[in-house]
Amino acid sequence: MALEKIDDIYQRAAARKGGAANLNILLGPGNEDRLLAAIPDDRFLAEFSKKVFQSGFVWHP
């Protein structure tokens, strides 16, 4: 299975949300993108896993 290109995903999302301008409003400003790059991959995996299994479980910090 080939990965879908980000441009194709963006175009599909824009079509669903009424155009690129509406999608960009929903996405908000991207001024924090550089901060995301500094987060290690294991933290993303941990949060994704937490969200997947969160229903039915109690998560306490």
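These exercises work through the fold, surface and charges of one predicted model.

Residues are numbered from 1 along each chain as its sequence is written, and side-chain values use heavy atoms, with hydrogens and water left out. In this predicted model, local features need pLDDT of at least 70 and side-chain atom pairs count only at pLDDT 80 or more, while totals for chains, interfaces and linings use all residues.

**Exercise 1. State which elements the protein has, and how spread out the chain is.**

Step 1. Count the elements. Helices are DSSP runs of H or I with at least four residues, strands are runs of E with at least two, and both are numbered from the N terminus. The protein has 4 helices and 0 strands.

Step 2. Read the order. From the N terminus it is α-α-α-α. The radius of gyration is 16 Å, well over the 10 Å from the globule rule for 61 residues, so the protein is more spread out than a compact globule. That radius is taken over C-alpha atoms, and the rule is 2.2 Å times the number of residues to the power 0.38.

Step 3. The C-alpha trace spans about 40 × 30 × 25 Å along its principal axes.

**Exercise 2. Describe the burial of the protein and locate a nonpolar patch.**

Step 1. Buried means under 20% relative accessible area, exposed over 50%, and partly exposed in between (1.4 Å probe, protein chains only). Of the 61 residues, 3% count as buried.

Step 2. Take the total area. The protein exposes about 5,800 Å², and carbon and sulfur atoms supply 62% of it. Areas come from the Shrake-Rupley method with a 1.4 Å probe; for residues, only the protein chains shown count as cover.

Step 3. Find the patch. L36, I39, F44 and F48 make a nonpolar surface patch of about 370 Å². Patch residues have over 30% relative accessible area and no salt bridge; nonpolar side chains (Val, Leu, Ile, Met, Phe, Trp, Tyr) are joined within 5 Å, like charges within 9 Å.

Step 4. I39 lies in the loop between α3 (33-37) and α4 (41-53). I39 is partly exposed, at 34% relative accessibility.

**Exercise 3. Identify the salt bridges and the exposure of their partners.**

Step 1. A salt bridge is a side-chain nitrogen of Lys or Arg within 4 Å of a carboxyl oxygen of Asp or Glu. A search of the whole structure finds 2.

Step 2. Take R12 and E4. Their side chains meet at 2.4 Å, N to O. R12 is partly exposed at 36%, and E4 is partly exposed at 42%.

Step 3. Take R43 and D42. Their closest N and O atoms are 3.6 Å apart. R43 is partly exposed at 46%, and D42 is partly exposed at 46%.

Step 4. R43 and G28 are 15 residues apart in sequence and 23 Å apart in space, C-alpha to C-alpha.
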